[in-house]
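Thanks for coming, everyone. Have the structure open while I talk.

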Amino acid sequence: MRIAYGLALGQGRVTLEALEGLRERLLEAQQWLEEEGARGEVGFMDLPLQDPSPVLQVAREVRNLYDHFVLIGIGGSSLGAQTLFDALRGPSYNRHSHPTFHILDNVDPVKVEKTMSEVKIEATCFCVVSKSGSTAESMANFLVALGLLQRAVGREEARKRIVFITDPHRGTLRELAREEGYRSLDIPSNVGGRFSVLSPVGLFPAAVLGIDVKRLLEGASRALEACKRQDSVTHNPAWLIAGLHYLYQTLEHRGISVMMAYHERLSTFVDWYRQLWAESLGKDGKGQTPVKAIGAVDQHSQIQLYNEGPRDKVITFLQVENFALDHEIPHLYPHKPALAYLGRHRLGELLKRELIGTASALAKRGVPSITITLPKIDEACMGALFMVYEMATALSGYLYGINPFDQPGVEEGKQLTYGLMGREGYQDKGYEAQKIWEKSIKASLIV
Ligand code: PA5
């Protein structure tokens, strides 16, 4: 992985000196993180060295026994698997491979019905992922799946077609696994949802899809080593990403972090990043709003704003050196200037040059950007990318003086929903939400 940061420096208050000036704070942040790890409070940095055998064994059985695999989970419990699927398998996978792969994150009834109608229920393994074992969307989708399974194959057989991935000690899924013998894999207690892609949360679905999880972990392990370098801020990828974003926000009030991927297979990685950055750092009135963009498509939608709108953005471009497939553009109209120049170039080359053109145009107007280049999209590179961003996010939490590992703002919404749906013990939350909601209704429009 290569990170180019030249276009982010020198035009405003964020200079190379300012970046290196942050070294002591980053060192402190690193020490804090390592201490939290040593105390067993933070576990994501241990994941690259885990033994994936239990995951691989269950995944082998699922691959042998089932035609379809449906992952039920939301947020950190689904985005990692979705990212791996989209990056390493892609949209045509389900047409020629088995088991076919589906994710039920939302409780959008049309999506759920459609997914259930696409799979043969009796030949489906449902994997329910929830660290807390209580998230309303995931529990509702679990119950829907279990109901359909019980109708199709009976109680006993239904239970065999379900795998839980949850906290090793706490929560309703863990209780059910103990009481009724559902098969289960553990999410280490000290690994939170959005930092869990390299735990069974991401590894199990990946292994079911035939993704080489050992190479994923090797890539993460190598990246973790790079993230421990202390000689210079610019030699440590996590320090560089955390340091630049922090300086741009605090010195130049750039409160928006755009990530623009110039490869559609990385589109879901941007969603994963968006969740990680937003949920980890958006608290105590602090944080940076992550925004998703896709190159070259969003050059024709967003770039006008990035170039000439409010000067509140720092851009990260993601690109890939080698495309798995490419196509030469035919040289068919040598006498038509608008077409001739494209002839005999490859589409991948055009896409890469679009990035250079866009980044340079932004730089001319003083909009800072960094460019992350992956040699290609494979397991090792994805593992590295995940680890670098998890480290950068955790360190950013220290720089901002907030806890990057909690999410009180998410919990509040979850509890109000429990109350509104009549969950025992949450009635007051339900009344509270109802009162707030009703106060907001000021006009009814009849159309
Ligand atoms: O990162 C997080 O903690 C959240 O996004 C959770 O992953 C999400 O809310 C789902 O929670 P759970 O895994 O407990 O069902």
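This is a predicted model: local features need pLDDT of at least 70, side-chain atom pairs count only at pLDDT 80 or more; totals for chains, interfaces and linings use all residues.

In which sense do strand β7 and β8 pair, and over how many bridges? They pair in the parallel sense, over 6 bridges. Strand β7 covers residues 256-261.

A quick reminder on sheets. Strands pair through backbone hydrogen bonds, and the pairing is either parallel or antiparallel.

Now the whole sheet. It has 5 strands and it is open. The order reads β1-β10-β9-β7-β8, with mixed pairing. Look at the edges. There you find β1, residues 2-4, and β8, residues 289-294. Each has a single partner strand, so one side of each is left without a neighbour in the sheet. From one strand to the next, the twist averages 20 degrees.

Next, the helices on the sheet. Helix α16, residues 347-364, lies across β9 and β10. Its direction is at about 165 degrees to β9. Helix α17, residues 379-400, also packs on the sheet. Helix α17 touches β7, β9 and β10, and makes about 150 degrees with the direction of β10.

On to two residues. Start with Leu79, in helix α4, residues 79-88. Is Leu79 buried or exposed? Its relative accessibility is 18%, and the cut-off for buried is under 20%, so Leu79 counts as buried. What does Leu79 contact, beyond its neighbours within four places in sequence? The partners are Asp271, Trp272 and Gln275.

Now go to Thr268. This residue sits in helix α13, residues 267-281. Thr268 has 7% relative accessibility, so it counts as buried too. Leaving aside neighbours within four places in sequence, Thr268 contacts Gln82, Thr83 and Asp86. With Asp86 there is a polar contact, side chain to side chain, at 2.4 Å.

Last stop, the ligand. How many residues surround it? There are 14, and the closest are Ser77, Ser130, Ser132, Thr135 and Gln275. From the side chain of Ser130, an N or O atom is 2.6 Å from a ligand oxygen. From Lys131, a backbone N or O atom lies 2.8 Å from an oxygen of the ligand. From Glu279, a polar side-chain atom is 2.9 Å from a ligand oxygen. Taken alone, the ligand exposes 390 Å², and the protein buries 92% of that.

Note on methods: Residues are numbered from 1 along each chain as its sequence is written. Side-chain values use heavy atoms; hydrogens and water are left out. Two strands pair if DSSP finds at least two bridges between them. Helices (H or I, at least four residues) and strands (E, at least two) are DSSP runs, numbered from the N terminus. Axes are lines fitted to C-alpha atoms, for helices over the stretch in contact, and angles run from 0 to 180 degrees between N-to-C directions. Contact means heavy atoms within 4.5 Å. Buried means under 20% relative accessible area, exposed over 50%, partly exposed in between (1.4 Å probe, protein chains only). A polar contact is a pair of N or O atoms within 3.5 Å; within protein, one must be able to donate a hydrogen and the other to accept it, and residues adjacent in sequence count only if both atoms are side-chain atoms. A residue is near a molecule or strand if one of its heavy atoms lies within 4 Å of it. Accessible areas come from the Shrake-Rupley method with a 1.4 Å probe; for residues, only the protein chains shown count as cover.
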